[in-house]
Amino acid sequence: MALIGIFSTSSLECVSIPCSSIRLINFSTKLKIMPRINRIGCNFYSKGSTISCSLSKEAVSSSEFKESGAGATSRSIDATVSPDSVEDEFSHVTKFKMSDFNISDRVSIGLTGRGNEVIFEATVKDFHSPLYNTKVVLRHLSTVQAKRRGKRAIEVLKRLERRRLMYHSYSMQVYGYVCSSTSDDSDSFTLVHGYHGSFSLRHWLQQSDWLPTLEATLALDEECARRVGDDTVGGPAVSRHLRLIRILMRDLLIGVNYLHSHGLAHTELRLENLHICPVDRHIKVGILGNAADFDDRYSESNPLNGNMDRRKMMIGFDMRCVGFIIAKMVLRELMDSSVFMKFKSFLKKGNDPSCLREFLLHTVNKNSSSGNVGLQILDRNWGAGWNLLSLLLATKPSARISCLNALRHPFLCGPRWRVDLSMDMIRWNLGSTAVRITEEYIYNQQQRSRLAHFIELMEMLNSHSRPRHWLDLIPGTWRLLYYTGRHIGLTLRQPPARVLIGDVCLTVSKTSKPPKFSFVSNIGFKVIMGNDWPHNKAGVGGKFQVESPFRLRSGRRLYLKDEDLTKRFPRSTRNAEDIAVKHLGSKKWKNIIPIKELPSSLPVVKLVSDSDDIEMTMRLDEPIISGDVGIAQNVIKEVRTQIPPEMFDLSKIVCGTYIDSRLLVLRTVNGSALFFTRSSLDESK
């Protein structure tokens, strides 16, 4: 009979378990490489209730705490300390013996382990222990790094002992350790911590019936509904999913904020380390074996801990991990490792997280098996979910949202809670609503009026109205969403050549200093052949390209209020402004938008053309009919009919009236607006 899980004690030499009856999950032979720490060694000794730590003068590089490192501990424990010293340092936890436990013959699949750990489930059988008949987890740590993690988890518990109840509510409970008294196994160390259910959060999400089962486990009732500010219990799948996410994520953020307020960063927040306890219905973060200090109280012993940049970096690392957790909970497609790698690759390349929606629409939507429930959840409440994701996954750690601000975010607050929206959130809501309207693709008069109204409001609230603001924002590829001047489709006309328009993009790039820009208009299309075009969209692909140089200058946009002057302009160009004035005084907007009347003028960025030369080229993937020039001319004519004329003559674009990291509005000579979103079509392939 093979033996597994050997523990030496004074009264129990060996524990034998049949291999046929044990299921050791997550036991990999691949060791996880811990971040390398240069000459950091700490000698701990008992001196009353204090801990003395020594640190070498060599600084720890900030790259140690990047995403692959998971945050090494800033105060590590020397694995060679004497047993007496360990007992003094661990006096706040219980010292167990192996004879105190009845070891189970199987292990739950939700208990994560590493290659240098062996995990057992056990029940305390000591009648004198307050944990009698309590189910626990024995985590046998075999290497020096693993032992350091286990001892660090016990050390952190002492740091948080003042509010032990709060710690036990949101963190995995650490009861103590198993010591070895035999001389041949003096370095053995086994951590004893709480058992909080069979599944980690990852295993919950991988279940086919995870939503109703998890709701039953949490025993969702009116009280839980009140906690998330939502009086709706049950309901459609999207509402139920959103309600559950709010409960779980608010619980997680409260626990992470508790650690941050005590000068600790978890550094290992991921789905595998989160457990849901059915007893108190709280999320438990994994053991704090890799928690890192950044509290200013330790600045004398470790100068890095007093560095505010390091504090922001480590809190930002935790918040980025929380962002990944929310993304996977909402978008089940990200549970697929290949899709998640594309998701992370998009962020690693320096793309702005505010453009995640444009990227994921083309990445997740292709083979979605969940009915796009996640996209619907993030689009709710004027795109509040996308805003929270962009703040959690911001490129700079210092720009990421804190736990407290995330708890106040509209995405995690139900409809019964009043949330004071910031101006940035108002701009986000306006832009998200305008984008959603363009995607409906039913442009009747009511929708056209609403789009024009939202674009006008965005222009009035533009926070980047100077050319210097545009120098870094405008370069990139922008996809055309809507044109307020006109809309011509394919189905209601009988053109000589039927052309299906694809992506219409405007690519802006810097050319020289002082800053000059090259504007390139790329129009993708497909020439549909045959009479069965309503059902068969196969055809010959092509691309139309227009290039023109531009410079940026400051200017102002005047709003003409004199009736005599307005008669000189077509009524269609004044329609959007009239609608904006009408809505600004309405009950719905007067308490949200700080503008009570249409201003006389607004600062804009003028686009000045450097040359009258415009390069235009058209390319077809394959010949339509050999030698027939007339068909090619009809194709060009149809493309120019469906596309705004300003995309072919870029000199007709007069000024830019709104820009942020994801949206762009350009005004033309006749007053029409071109509405763009930053494109990531190449990234999604």
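The legends below describe close-up views of a predicted model.

**View 1. Helix α5 and the residue after it.**
Helix α5 covers residues 210-218, and its buried residues are Trp210, Leu211, Leu214, Glu215 and Leu218. These buried residues line one face of the helix, because they fall within an arc of 125° when seen down the axis of α5. Ala219 follows α5 and has a positive phi, near 50°.

**View 2. The kink in helix α11.**
Helix α11 is made of 20 residues, 373-392. Its end C-alpha atoms are only 21 Å apart, whereas a straight helix would reach 28 Å at 1.5 Å a residue. A kink of about 120° is centred on Asn381 in α11. Of the 20 residues of α11, 15 are buried, so the helix is largely enclosed by the rest of the structure.

Glu121 and Lys135 form a salt bridge, with their closest N and O atoms 3.2 Å apart. Glu121 belongs to strand β5 (residues 117-124) and Lys135 to strand β6 (residues 135-141), so the pair ties together parts that are 14 residues apart in sequence. Glu121 is buried at 3% relative accessibility, whereas Lys135 is partly exposed at 37%. A search of the whole structure finds 19 salt bridges.

**View 3. The salt bridge of Lys284 and Asp280.**
In this pair, the closest N and O atoms of Lys284 and Asp280 are 2.7 Å apart. Lys284 is buried, with a relative accessibility of 0%. Asp280 is partly exposed, with a relative accessible area of 30%.

Arg436 forms a salt bridge with Asp379, and their closest N and O atoms are 3.8 Å apart. The pair links distant parts of the chain, since Arg436 lies in helix α13 (residues 423-440) and Asp379 in helix α11, 57 residues apart. Arg436 counts as partly exposed at 35% relative accessibility. Asp379 counts as buried at 14% relative accessibility.

**View 4. Two buried cysteines.**
Cys403 is buried, with a relative accessible area of 3%. Cys505 is also buried, at 9% relative accessibility. A disulfide is a covalent bond between the sulfur atoms of two cysteines. The structure holds 0 disulfides.

Note on methods: Residues numbered from 1 in each chain as written. Predicted model: local features only at pLDDT ≥ 70, side-chain atom pairs only at ≥ 80, totals over all residues. Heavy atoms only, no water. Disulfide = S-S within 2.5 Å. Buried < 20%, exposed > 50% of the residue type's maximum accessible area, 1.4 Å probe, protein only. Helix = DSSP H or I, 4+ residues; strand = E, 2+ residues; numbered from the N terminus. Arc of directions from axis to C-beta. Expected span 1.5 Å × (residues − 1). Bend = angle between axes of the 7 residues up to and from the residue. Salt bridge = Lys/Arg side-chain N within 4 Å of Asp/Glu carboxyl O.
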